[in-house]
Number of protein chains: 2
Amino acid sequence: MRSRPVPELVAAAVDGDRLALARVLSLVERGGPQSREVSRLAFPEGGEAHTVGITGAPGAGKSTLTDQIIRLIRKDRDSQVAVLAVDPSSPRTGGAFLGDRVRMQDHATDPGVFIRSMASRGHLGGLALATPEAIRVLDASGFPVVIVETVGVGQVEIEVAGAADTTVVVVNPGWGDAIQANKAGLIEVADIFVINKSDRPGSEEVERDLNWALDQTMWPVWRPPILRTVGPSGEGVEELVSVIADHRGTLEKSGELAERRSRRLTDELAEIVARRLELKALETVGESRFDELRTEMAARRLDPHTAADRILAVSLGSENG
Amino acid sequence: MRSRPVPELVAAAVDGDRLALARVLSLVERGGPQSREVSRLAFPEGGEAHTVGITGAPGAGKSTLTDQIIRLIRKDRDSQVAVLAVDPSSPRTGGAFLGDRVRMQDHATDPGVFIRSMASRGHLGGLALATPEAIRVLDASGFPVVIVETVGVGQVEIEVAGAADTTVVVVNPGWGDAIQANKAGLIEVADIFVINKSDRPGSEEVERDLNWALDQTMWPVWRPPILRTVGPSGEGVEELVSVIADHRGTLEKSGELAERRSRRLTDELAEIVARRLELKALETVGESRFDELRTEMAARRLDPHTAADRILAVSLGSENG
């Protein structure tokens, strides 16, 4: 594997070379200047893909559902689909959620389906910044639908899912407590709720809980509908795919799609600026000076704001940052 | 209420003036230069308090438990305690979780108990930065125990709870799914697990689930114990308070307490630097130029990294940031 120049790799990926695409995504995952170059090159080529986030707790059946969605999309042999499986692994416990994604490898030999798992590796800003970059690459590579599957409903997952045009939150019957626990976060992120495994008892209660939570907010453009599916049989998946398309249509007509995307780009820009400046400031200050500041703080001779003043003074060449 | 100078207010708060303390905390909540001044003044005065985070989903019984812990601490009339109730309210749904904290107002007339709710308001960096500052003020004011109560187990809550020396995660019988959903996050943040409402059926299953999750990791210094409590009767609370003290003792002996605190300060410092540089960069670039960049990005003529380059070029006076 000789190292091809980044512009050549991106051009090949955009032209449909899947091996090149995989290597470009590895650059994105790794972060750094090559990742930035990818972003610059891929960005003008995209904008057409419908990005769909699928999130929910482990065990909710996201992978089976994604698998069924792929099957349905691929019934029309002209339609291609990409899946980005994102794993925000915790620092202490590590990520062990990739196992059930193996199921999706059924599609490994179908050239119309591209599946990729992604962890954060060294990417500056982590998955919250790596994911939108990877989505842009898949978008530029001509996939009309890009599915982003994430595990969990914590803040990182919500940010990652928020990088999609349409976010589907998967819950199960009997999950009253889990819903109660994450109510605010769920309502914030969901465009569509899916009660998966709805052949089990308890769907009504979950639907009632969700409806109650939804009633607490005004929904001028789109109130998240609550659908029911059974992953293994594919029951309800056709309706889900049609509602996903409806959502995109509604967003587009109302002008909300352009607004959402612009807001996302603005947030991303602010985060890139913050992370790059932070890195630059810490570099300018130097490791030994930084360690001195840490020691001073630990001894309570220096508070974090004054320490920040010192770093900013060095990095910006002024007294008060 | 004439406006007293910040140093005078902080000195009064440190001397035990509760009204001054409340006003200092309002400054912290609001953020800005006065908040930084507070941080600078309060920091050298503290370091003795044992900070205890109590987190868990809404309905877990955190407030009742906190109430019982306060009662127990206050049995010894010389011992004072402060409670910081932190509400990371979601942008769309708003925070509506303060209701059940009213219960704690039983202690409103007890001068040995200080209770304060906190939202993020305009604080730069939000609650993740405002909370450690508020804790430092309470610490400097001489409270030997500062309890930080947060709602939920998302990323923000974990960050907030991580600002404590000892973090107690409260779960309930029958919460297998909620635990499964947040396994990685829970294990990462918990020093002590409490199965509250343990008089209800299902405690064994929750304990088994937690133990299984704990078994996946090595615990060289302290393996989080799993306790059982019944909030309203106070059953198990005495053991909880004693285990909280044990945890602090173990951390102190192993050197982990100093290390944790130093790590927290370093993370806080990096975050302050990032947020202040971001703010400064956006100010330097100016609103109209920033709006231009947004428009260019929305039209896909400019990718976020190149936009960041332009901002960094203006703010740092160089080409590549």
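Strand S4 (residues 145-150) of chain A is mostly covered, with six of its six residues buried. Buried here means that 20 or more other C-beta atoms, placed from the backbone, lie within 10 Å of the residue's own; 12 or fewer makes a residue exposed, and counts in between make it partly exposed. Strands are DSSP runs of E with at least two residues, helices are runs of H or I with at least four, and both are numbered from the N terminus. The model is a predicted one, in which local features need pLDDT of at least 70, side-chain atom pairs count only at pLDDT 80 or more, and totals for chains, interfaces and linings use all residues. Residues are numbered from 1 along each chain as its sequence is written, and chains are lettered from A and ligands numbered from 1 in the order in which they are written.

In a regular strand the side chains alternate between the two faces of the sheet. In S4(A), Val145(A), Ile147(A) and Glu149(A) point one way, while Val146(A), Val148(A) and Thr150(A) point the other way, and all are buried. S4(A) runs parallel to strand S1 (residues 50-55) of chain A, to which five bridges join it; Val52(A) has Ile147(A) as its bridge partner. S4(A) also pairs in the parallel sense with strand S2 (residues 81-86) of chain A, over six bridges, and there Leu84(A) stands opposite Val148(A). Pairing requires at least two DSSP bridges between two strands.

In chain B, seven strands form an open sheet with parallel pairing, in the order S3-S2-S4-S1-S5-S6-S7. Its edge strands, S3 (113-118) and S7 (226-228) of chain B, each pair on one side only. From one strand to the next the twist averages 20 degrees. Between S5(B) and strand S6 (residues 192-195) of chain B there are four bridges, and the two run parallel; Val170(B) stands opposite Val194(B).

The loop between helix H6 (155-161) and strand S5 (166-171) of chain B holds Ala163(B). Ala163(B) counts as buried because it has 27 C-beta neighbours inside 10 Å. Leaving out residues up to four places away in sequence, Ala163(B) touches Thr131(B), Pro132(B), Ile135(B), Val148(B) and Arg264(B), where contact means C-beta atoms, placed from the backbone, within 7 Å. Ile135(B) is 28 residues from Ala163(B) in sequence, yet their C-alpha atoms are 8.4 Å apart.

Back in chain A, helix H10 (residues 256-285) has 30 residues and should span 44 Å at 1.5 Å a residue, which agrees with the 43 Å between its end C-alpha atoms. The expected span is 1.5 Å times one less than the number of residues. Gly286(A), with a positive phi near 90 degrees, follows H10(A).

Technical notes:
Contact = placed C-beta atoms within 7 Å. Axes fitted to C-alpha atoms, helices over the stretch in contact; angles between N-to-C directions.
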